[in-house]
Amino acid sequence: MTARVGVVTFPGTLDDRDTQRAVRIAGLEAVPLWHRDKDLHQVDAVVLPGGFSYGDYLRAGAISRFSPVMESIIEQAKAGMPVLGICNGFQVLTETHLLPGAMLRNNHLHFVCRDQKLRVENVNTAWTTDFAAGQEIQIPLKNIDGQFVADARTVDELEAEGRVVFRYLDVNPNGSLRDIAGITNAAGNVVGLMPHPEHAVDPQVGTGGTDGLGFFTSILKKLVSA
Ligand SMILES: NC(=O)CC[C@H](N)C(=O)O
């Protein structure tokens, strides 16, 4: 039996279908989770996909944070369940404080849509063991609230503890501090990043890359060997 990965749909989520597909391509079972349902249906891990949950009203992720499904996810994440937040999902994770910092509007105030190069800096998280340390990958980036900020002490702590998981390469597309594209919590089970691995898992779709697949094969190995 394979492991079950929950994929949350909020009103305004866009990338739940692609995320479910990426989960299946990696050999896992994708379990749709609805924002109003506290029941996580015995999933082994959860992905919070991209989009504009609750219309990004107030602030991206600020309302989703209080949804019934997030109540259960916060509780389980604190108990060690792997959680990946992609783009809007990352914004939700900072709003819940499962991850530190906050996402501001891109420093140039425009929506960005591009293939983005990243360096994988931490391969010990639940979602990155299938990458090589320092590996350069390219996956799509598409958002307007992508500027990662945090107070100096928090950023120094993230750096010192190796919790910067991904850094932007070539271009810093949004003004994020220290080119930070993704981070993890201290335990390494919760990871958030702005670019979209789920859109780079099939050579016949999009710009053809499959560099995003490693996220999903990493979690497969973790869950299946667990
Ligand atoms: N692609 C996305 O998930 C968009 C994220 C977010 N709502 C933004 O524009 O910043």
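Predicted model: local features only at pLDDT ≥ 70, side-chain atom pairs only at ≥ 80, totals over all residues.

1. Asp 170 has a positive phi of about 70°, although it is not a glycine. Asp 170 sits in the loop between β9 (164-168) and β10 (180-184). Is Asp 170 buried or exposed? With 11 other C-beta atoms within 10 Å, Asp 170 falls under the limit of 12 or fewer, so it is exposed.

2. The other one is Leu 58, again not a glycine, with a positive phi of about 70°. Leu 58 belongs to the loop between β3 (45-48) and α2 (68-78). Leu 58 has 10 other C-beta atoms within 10 Å and is therefore exposed.

3. Now the overall fold. The protein has 5 helices and 11 strands. Its radius of gyration is 16 Å, close to the 17 Å that the globule rule gives for 226 residues, so the protein is as compact as a globular protein of that length. The C-alpha trace spans about 45 × 35 × 35 Å along its principal axes. Buried residues make up 51% of the 226 residues. Of the contacts with a separation of 6 or more, 76% are between residues 24 or more positions apart.

4. Which residues does the UniProt annotation "active site" cover? The record, an unreviewed entry, lists Cys 87, His 196 and Glu 198. These span 112 residues in sequence, yet no two of their C-alpha atoms are more than 10.9 Å apart, so they gather at one spot.

5. His 196 and Glu 198 are worth a look together. His 196 is in the loop between β11 (190-193) and α5, and Glu 198 is found in the loop between β11 and α5 as well. His 196 has 24 other C-beta atoms within 10 Å and is therefore buried; Glu 198 is buried, with 29. Setting aside residues up to four places away in sequence, His 196 touches Cys 87, along with Asp 15, Gly 50, Ile 86, Ile 139, Pro 140, Leu 141 and Lys 142. With its neighbours within four places left out, Glu 198 is in contact with Asp 15, Asp 18, Thr 19, Ala 22, Pro 49, Ile 86 and Gly 212.

6. An α-helix has 3.6 residues a turn, so residues three or four places apart point the same way. After α1 comes Gly 27, with a positive phi near 100°.

7. Last, the ligand. The residues around the ligand are Gly 50, Gly 51, Phe 52, Asp 56, Ala 60, Cys 87, Asn 88, Lys 142, Asn 143, Ile 144, Asp 145 and Gly 146. What is the make-up of this shell by class? The shell has 4 nonpolar, 5 polar and 3 charged residues. Cys 87, which the UniProt record includes in its "active site" annotation, is one of the residues around the ligand.

Terms used:
Residues numbered from 1 in each chain as written. Helix = DSSP H or I, 4+ residues; strand = E, 2+ residues; numbered from the N terminus. Buried ≥ 20, exposed ≤ 12 C-beta atoms within 10 Å, placed from the backbone. Near = placed C-beta within 6 Å. Nonpolar A, V, L, I, M, F, W, Y, C, P; charged D, E, K, R; others polar. UniProt positions renumbered as here; feature names shortened; annotations may be inferred. Contact = placed C-beta atoms within 7 Å. Rg over C-alpha atoms; globule rule 2.2 N^0.38 Å.
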